[in-house]
Amino acid sequence: MATTTTLAKAADGTEPAAYAARIEHVSKSFAGPAGQQLVLDDITLDVAPGEFVTLLGASGCGKSTLLNLVAGLDEPSAGAISTDGRPALMFQEHALFPWLSAGKNIELALKLRGVPKAERRDKAEELLELVRLKGAYGKRVHELSGGMRQRVAMARALAQESQLLLMDEPFAALDAITRDVLHDELTRIWRETKLSVLFVTHNVREAVRLAERVVLLSSRPGRVARQWTVGIPQPRRIEDTAVAELSVEITEELRGEIRRHGQH
Amino acid sequence: MASTDTKRPAGDAGARDGGDLAGLEAGLDALESVQQGRKPLRQTFVEKILPPTVAVLLVLAVWQALVSFRIVDDPTKLPAPSDVWDVVRQAWLQGDLLGYIWTSVSRGLLGFCFALLIGTPLGLLVARVKFVRAAIGPILSGLQSLPSVAWVPPAVIWLGLNNSMMYAVILLGAVPSIANGLVSGVDQVSPIFLRAGRTLGATGLKGTWHIVLPAALPGYVAGLKQGWAFSWRSLMAAEIIASFPDLGVGLGQLLENGRNASDMAMVFEAILLILVVGIAIDLLIFSPLERWVLRSRGLLVRS
C-alpha cells in the first residue's frame with residue numbers, strides 16, 4: 001500500500017527532524033452518491049519545524065479532511081504523510097469533556113501521554129498559566145466563556161507536547177473581539193513554544209494575520225493552488241495595512257478559484 | 001493616504017504583546033463569565049416544596065369531603081382518611097410498620113443492586129459490540145415493554161415460593177431498563193468527544209474508560225432511575241401474587257392481606273405506603289444523583 005506513517009525523527013532521536021509534517025502526493029476520495037468522489041488531489045506540502053502555515057480555501061476544498069489525515073484520524077487513499085510524533089489537534093468546537101474540570105481535562109491529556117500522577121497537577125497549572133487562565137483549574141467547562149474554553153482546549157493540546165499543533169478553524173465560532181485577542185495569544189504561545197502549527201481557516205485575514213506561509217487550496221478536488229510567504233513582522237494586527245494588502249491579493253485569487261465552479 | 005498616517009510605530013508592538021494583552025484578556029473573561037449561585041432556601045421552598053404539598057392536601061380534602069358529605073357512605077368501599085391513618089398508626093404502635101417497609105425495601109434495593117451488576121456490563125456489550133447489538137439489542141428493548149408481572153408465574157414454577165423468585169422477577173424487570181439506558185447513553189455520546197479522545201491517545205479500552213463511559217453517564221443514570229421504578233413495580237407484583245407466610249410480610253403481602261380480610265383501610269394503607277416508599281427512594285437516591293450529574297455538566301436548565 002502507498003500509505004505510510006513514519007516518525008520524522010531518526011531512530012536514536014538525536015537528529016533534529018527536517019520537517020514537522022511532510023505530506024507527499026496525498027489524495028483522498030470518499031464513496032459518494034455519484035461513485036468515488038475525489039476530495040484531495042495530489043497534495044504535496046511540508047511544514048518546517050517551528051513554522052506557522054495556514055491552509056486556506058472555500059468550502060469543499062477538503063482542508064479539514066487534510067487535517068484529519070495529518071492527525072491520523074483517517075487514512076489517505078494514496079500518498080504518504082509523516083509527522084514528528086502524534087500531532088495535537090484543536091477543533092472549532094472546544095471539545096472539552098464536560099464531566100471534568102478545566103484542570104482535569106488537561107491532566108487527562110497528560111495521563112494518556114504517560115506523565116506520572118505526581119507531576120500532572122503542577123504541569124496542568126503551568127499550562128493554564130501559559131494560556132493566562134491561572135485560577136481556572138477547578139472551573140467546569142460550562143462556567144467558562146467561549147474564549148476561555150478555547151484557551152483551555154489549547155492548553156490541553158499543548159499538554160500533548162507534540163511538535164505539531166493542528167488547528168481546524170478553532171476561532172470560527174467566537175465573536176470578533178475574542179477572536180482578535182486569541183490571535184494575539186496564539187502568536188505569543190507559538191513564539192514561546194516554537195511549535196509548528198498547521199492552521200485551517202476560510203478567513204483570509206486570519207490566515208494572513210497568523211501565518212508565515214499561506215497555502216491556498218482549490219476546491220473539488222482540493223489541490224494546492226498557490227502559496228504566499230508572509231514577510232510582515234510579528235506581532236501583527238488584523239487591521240495592519242500590510243495584512244490588509246496581502247489579504248486583498250489572496251482574496252482575489254480565492255474568488256477566482258470559486259468563480260471557476262460556477263462556469264459549467 | 002490617511003491610512004499610512006495612522007499606522008502605528010513599530011516600537012508599540014512589543015508592549016501590546018505583554019501586559020496589555022493579559023489585561024484585555026482578563027477583562028474579556030470577567031465580562032463573559034456567568035456567575036451562578038445556588039437558589040436561596042426560601043425560593044426552593046416556594047417553587048419546589050409548596051406546590052406538591054398543596055396538591056396532596058387538596059386530594060385529602062376531596063377524599064374527606066366524599067366521606068363527610070356522604071357522597072360515598074360505604075366504608076368497605078371508601079374508608080375515611082382518618083381510618084386509614086388509624087391503621088397506619090396502629091401498625092406503627094405495634095412495631096409492624098417499619099417491618100413491612102424494610103422487608104420490601106431491602107428486597108427491592110438488593111434486587112436492584114443485582115440488576116445493576118448484570119445490566120451494566122450487558123449494556124456496555126450491546127452498545128460496543130456490533131454482533132451482540134444485532135443479536136440481542138431488539139430483544140432487550142422489547143423486554144422493556146413486557147410487564148414484569150408476566151414473569152411471576154414462571155418464576156414461581158422454576159424457583160418456588162421464596163426470595164430467589166422475588167429477585168428473579170426484579171432482575172427481569174430492571175436489567176433491560178438499566179442496559180438500555182446505558183446503550184442510549186453511549187449512542188448519544190457526541191462524536192467530537194470520541195475524536196478528541198482519539199487525538200489525545202484514548203483508544204480501545206482507555207477510550208471506553210476515559211471517554212465513552214463518563215460521556216454516557218447522563219443516559220445511564222436515567223436508565224438507573226427507570227430501573228428502580230421497574231424493580232419496585234416488579235417486586236410489588238411478585239409480593240401480591242406470591243404471598244406466602246414464611247416469606248415475611250412486605251407491602252405487597254400487606255395489600256393482599258387487606259384484600260383477603262376485606263379491610264379497605266388496610267388496602268389503602270398498603271397502596272399509600274407503596275407509593276410513598278417508591279417516591280421516597282427516587283427522591284432520596286436517584287433524583288439527587290441525576291441532578292448532580294446534570295448540574296456538574298451545565299445541563300440542568302434553570303428556570
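Predicted model: local features only at pLDDT ≥ 70, side-chain atom pairs only at ≥ 80, totals over all residues.
Chain A contains seven helices and nine strands. The radius of gyration of chain A is 19 Å, close to the 18 Å that the globule rule gives for 264 residues, so chain A is as compact as a globular protein of that length. The C-alpha trace of chain A spans about 60 × 45 × 40 Å along its principal axes. Buried residues account for 45% of the 264 residues of chain A. Of the contacts in chain A between residues at least 6 apart in sequence, 72% join residues at least 24 apart.

Several strand pairings in chain A can be followed through strand S1. Strand S1 (residues 21-32) of chain A runs antiparallel to strand S2 (residues 35-47) of chain A, and nine bridges join the two. A hairpin of two residues connects S1(A) to S2(A). Within this pairing, A:Ala21 lies opposite A:Val47 of S2(A). S1(A) also pairs with strand S4 (residues 78-83) of chain A, in the antiparallel sense and over five bridges. Here A:Ile23 has A:Ile81 of S4(A) as its bridge partner. In a regular strand, side chains alternate between the two faces of the sheet.

A further set of pairings involves strand S8. Strand S8 (residues 213-217) of chain A is mostly covered, with four of its five residues buried. S8(A) is joined by four bridges to strand S3 (residues 52-56) of chain A, and these two strands run parallel. In this pairing A:Leu56 stands opposite A:Leu216 of S8(A). S8(A) is also joined to strand S9 (residues 224-229) of chain A, by five bridges and in an antiparallel arrangement. A:Val214 is placed opposite A:Trp228 of S9(A). The hairpin of S8(A) and S9(A) has six residues between the strands, and in this hairpin A:Arg220 takes a positive phi near 40 degrees.

The contact between the chains takes 31 residues from chain A and 30 residues from chain B. On the side of chain A that touches chain B, the elements that give two or more residues are strand S5 (88-90), helix H2 (102-112), helix H4 (146-158) and helix H5 (176-193) of chain A. H5(A) provides the largest share of this side, six residues. By residue class, the side of chain A that touches chain B divides into 17 nonpolar, six polar and eight charged residues.

Terms used: Residues numbered from 1 in each chain as written. Chains lettered and ligands numbered in written order. Contact = placed C-beta atoms within 7 Å. Nonpolar A, V, L, I, M, F, W, Y, C, P; charged D, E, K, R; others polar. Rg over C-alpha atoms; globule rule 2.2 N^0.38 Å. Buried ≥ 20, exposed ≤ 12 C-beta atoms within 10 Å, placed from the backbone. Pairing = 2+ DSSP bridges.
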